[in-house]
Amino acid sequence: MTTETATLHIEGDSYEFPVITGTENEKAVDLRKLRSTTGMITLDPGFANSGACRSSITFIDGEKGILKYRGYTIEDIAQKATFLETAYLLIYGTLPTRDQLDDLKYQIKCHTMLHEDIKRFYSGFPKKAHPMAVCSAVVGALSAFYPEFTDPDDTEADGGIIRLLAKLPTIAACSYKHSIGQPIMYPMNNLEYTQNFMQMMFATPCEDYEIDESVSRALEILLILHADHEQNCSTSTVRLVGSSQANLFASMSAGISALWGPLHGGANQKVIEMLERIEDGDGSAENFVERAKAGDDTARLMGFGHRVYKNYDPRAQIIKKECRDLLDKIGGQSKLLEIAMKLEEIALNDDYFAQRKLYPNVDFYSGIIYKAIGIPVNMFTVLFAIGRLPGWIAQWREMRQDNDFRIGRPRQIYVGPVNQEFKPVDER
Ligand code: ACO
């Protein structure tokens, strides 16, 4: 409860609006009565100043570079938790007890396989199809296979949640296997979540596949770091689609599509393409930064800048260290890491980036790890989607259980023609 108010003066009248404060002292002017009392709306393209909900899932302090899941720092979670513990925390609000975690793992293992008819979809997709297109389509199609979990009144949606968490790695790995013409590998339920994904990606029926623990832990950390990031583009998409009471699968499919864009999750693919261009001699790192500063869209510094972080993205700090550690252990693309670090150094010492507070974001170093592990470039954003899934689910569930729940429906300021006279086609 707060007694603080904000006063708005419009055309000679004054209006008072409550100021609300979050648990981390973020403040907002509550404008829910703005239109009914003043007749006006707010205009905020890109929603840079608009809060769409109250949420108790993730907190970001973009000025200080802080990220917390349910009050736990990302550094703590990345170091100490597994991906499924993180998923449970995000979705259900507390860290699981041993029994709760065992139960979650058991349930997921019961649902890792795809319906054999879903498997047949893959032969209908072109081999060159981007795996994000395939994943979005197959996740959307889960509504057709599990109509029992599409009831709009089911705000818990636990059956659908388990199936999604269990099947997305299988869906993703199948899209990769199909694209390279190898047989689809079935999940192995004696493996942990991330290891199972690696097995489905890299094993073949012809020989044993050995999982490197340091690689699977690095991948696990990447998934944890991507698991939620409050009201970003894909999460807001999930909430908006879900606000029509569209089912969980349909909402997640929309989230995957939103994530794919190069300004969002698709940036991790673009970063590695950028680093490889520099490696291949398409200008030096210095030259590339100069072109990015000149506003050359073909040289935008991908993996740099963030709507919320005006400081170093804490996830990028962790990934950079993981990247160094992993490359030391397994060798691999250290040249790309060198180029990335050089780009970062140049940019951070440049007035253009300093004035605009542009720092490396989560996508800047993640691709180097994926590449070292052997993940193909067009699967990078799919990995992001697997990581982000618990966050999307948590946000969807929180929205559906929120007392303030209403269909999402922004307004607009109309700037088109007024009162035109209709002329029949031959008189135009
Ligand atoms: N390289 C060069 N200049 C940049 C960059 C960049 N990566 N990012 C922002 N700028 C410049 C803009 O040109 C603008 O300059 P101006 O004020 O002279 O016009 C200023 O910095 C502010 O940038 P905006 O685009 O207004 O910032 P916005 O918050 O709308 O966009 C975004 C954020 C989309 C992340 C942007 O920084 C960007 O395009 N970055 C590269 C793509 C990327 O890495 N995306 C992943 C983000 S993290 C995620 O989604 C998981």
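Reader: How do the residues of the shell around the ligand divide into nonpolar, polar and charged?

Author: There are 9 nonpolar, 5 polar and 4 charged residues in that shell. Keep in mind that this is a predicted model.

Reader: Okay, and which residues are the closest to the ligand?

Author: Of the 18 residues that surround the ligand, the closest are His-264, Arg-300, Leu-301, Gly-303 and Arg-307.

Reader: What does Gly-303 put 2.8 Å from an oxygen atom of the ligand?

Author: A backbone N or O atom of Gly-303 sits there. Arg-307 uses its side chain instead: an N or O atom in it is 2.7 Å from an oxygen atom of the ligand. Then there's Tyr-352, with a polar side-chain atom 2.9 Å from a nitrogen atom of the ligand.

Reader: And how much of the ligand does the protein bury?

Author: The protein buries 71% of the 920 Å² that the ligand exposes when taken alone.

Reader: Let's zoom out. What domains does the chain have?

Author: The domain assignment gives domain 1 (5–43), domain 2 (70–264 + 377–400) and domain 3 (268–372). The centres of domain 1 and domain 2, taken over C-alpha atoms, are 39 Å apart.

Reader: So where does the ligand lie relative to domain 2 and domain 3?

Author: The ligand lies between them, because both domain 2 and domain 3 give residues to the shell around it.

Reader: New topic: how many aromatic pairs does the structure hold?

Author: It holds 12 aromatic pairs. One of them is Phe-83 with Tyr-193, a tilted pair at 5.4 Å centre to centre and 40° between the planes.

Reader: Which parts does that pair tie together?

Author: Phe-83 lies in helix α3 (residues 83–92) and Tyr-193 in helix α8 (residues 193–202), so the pair ties together parts that are 110 residues apart in sequence.

Reader: Are those two buried or exposed?

Author: Phe-83 counts as buried because its relative accessibility is 0%. Tyr-193 counts as buried too, at 10%.

How values were computed:
Residues numbered from 1 in each chain as written. Predicted model: local features only at pLDDT ≥ 70, side-chain atom pairs only at ≥ 80, totals over all residues. Heavy atoms only, no water. Domains from an automatic or database assignment. Near = heavy atom within 4 Å. Polar contact = N/O pair within 3.5 Å; in protein donor to acceptor, adjacent residues only side chain to side chain. Areas by Shrake-Rupley, 256 points an atom, 1.4 Å probe, with all protein chains shown as cover. Nonpolar A, V, L, I, M, F, W, Y, C, P; charged D, E, K, R; others polar. Phe/Tyr/Trp six-rings, centres within 6.5 Å; stacked < 30°, edge-to-face > 60°. Helix = DSSP H or I, 4+ residues; strand = E, 2+ residues; numbered from the N terminus. Buried < 20%, exposed > 50% of the residue type's maximum accessible area, 1.4 Å probe, protein only.
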